[in-house]
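Please look at the structure below before reading on, and keep it in view while the text leads you from the overall fold to single residues and the pairs they form.

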Amino acid sequence: MTTPVCTNASQAAAPVPSYTPYTSFSSYVRARGPVLLRTARSLTANPSDAEDLLQTALTKTYVAWDRIEDHRALDGYVRRALLNTRTSQWRKRKVDEFVCDELPEQETVAATDPAEQQVLHDAMWRAVMKLPDRQRAMVVLRYYEDLSEAQTAEVLGVSIGTVKSAVSRALGKLRDDPELIPVR
């Protein structure tokens, strides 16, 4: 014969004691919760993750509540729990690795021969020397001396538009130079 678990409704709705084993923990969380949540948010990018992180750290703190001797240092304890928990989460994160037959090596660019570089430099300089004096001056200032259009205009005493148009015409002539065509 089985006995009923509850004999009447009054026994079923027994009052829950208002005292929890750690009322000081509850008051600590109410008082310091917002500050600790800001700390958790500084450790994560997502506000929901920060709430989860804080909840986990507070759970660890609750479990150790009776072992914590100095309750004046609770903030430091909880912050350390936040940091340790976040570090553990970071270490456990999934790293996406894919197996492949060949390693994706970067293609190495063949080192250019210094003699070829010198030939190119000489051909470019000969092409620049064929330009009219004004265009040559602007190209040299813009690309050899690395001046801006405004600086080039100021040095030569012309407008920026003049520099732009003259350099554009000069570059067109350099593109058409027969000595530089094999380089392209």
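Helices (H or I, at least four residues) and strands (E, at least two) are taken here as DSSP runs, numbered from the N terminus. By this rule the chain has eight helices and zero strands, and from the N terminus on its elements run α-α-α-α-α-α-α-α. This is a predicted model, in which local features need pLDDT of at least 70 and side-chain atom pairs count only at pLDDT 80 or more, while totals for chains, interfaces and linings use all residues. Residues are numbered from 1 along each chain as its sequence is written, and side-chain values use heavy atoms, with hydrogens and water left out.

A residue is called buried under 20% relative accessible area, exposed over 50%, and partly exposed in between (1.4 Å probe, protein chains only). Of the 184 residues of the chain, 23% count as buried. A contact means heavy atoms within 4.5 Å, and among contacts between residues at least 6 apart in sequence, 51% join residues at least 24 apart.

One of the buried residues is threonine 44, which has 12% relative accessibility and lies in the loop between α2 (23-43) and α3 (47-63). Leaving aside residues up to four places away in sequence, threonine 44 touches Asp49, Ala50, Leu53 and Arg86.

We turn now to charged side chains. A salt bridge is a side-chain nitrogen of Lys or Arg within 4 Å of a carboxyl oxygen of Asp or Glu, and a search of the whole structure finds seven of them. In one of these, arginine 126 pairs with glutamate 179, the closest N and O atoms being 2.6 Å apart. This pair links distant parts of the chain, since arginine 126 is in helix α5 (residues 114-129) and glutamate 179 is in the segment after α8 (160-176), 53 residues apart. Arginine 126 is partly exposed at 41%, and glutamate 179 is partly exposed at 30%.

Another salt bridge joins aspartate 133 and arginine 136, again with closest N and O atoms 2.6 Å apart. Because these two are three residues apart in helix α6 (residues 133-144), about one helical turn separates them; aspartate 133 is exposed, at 58% relative accessibility.

The side chains of glutamate 149 and lysine 164 also meet in a salt bridge (4.0 Å, N to O). Glutamate 149 lies in helix α7 (residues 149-156) and lysine 164 in helix α8, so the pair ties together parts that are 15 residues apart in sequence. Glutamate 149 is partly exposed at 29%, as is lysine 164 at 46%. Finally, salt bridges that share partners join Arg126, Lys130, Asp177 and Glu179 into one network.
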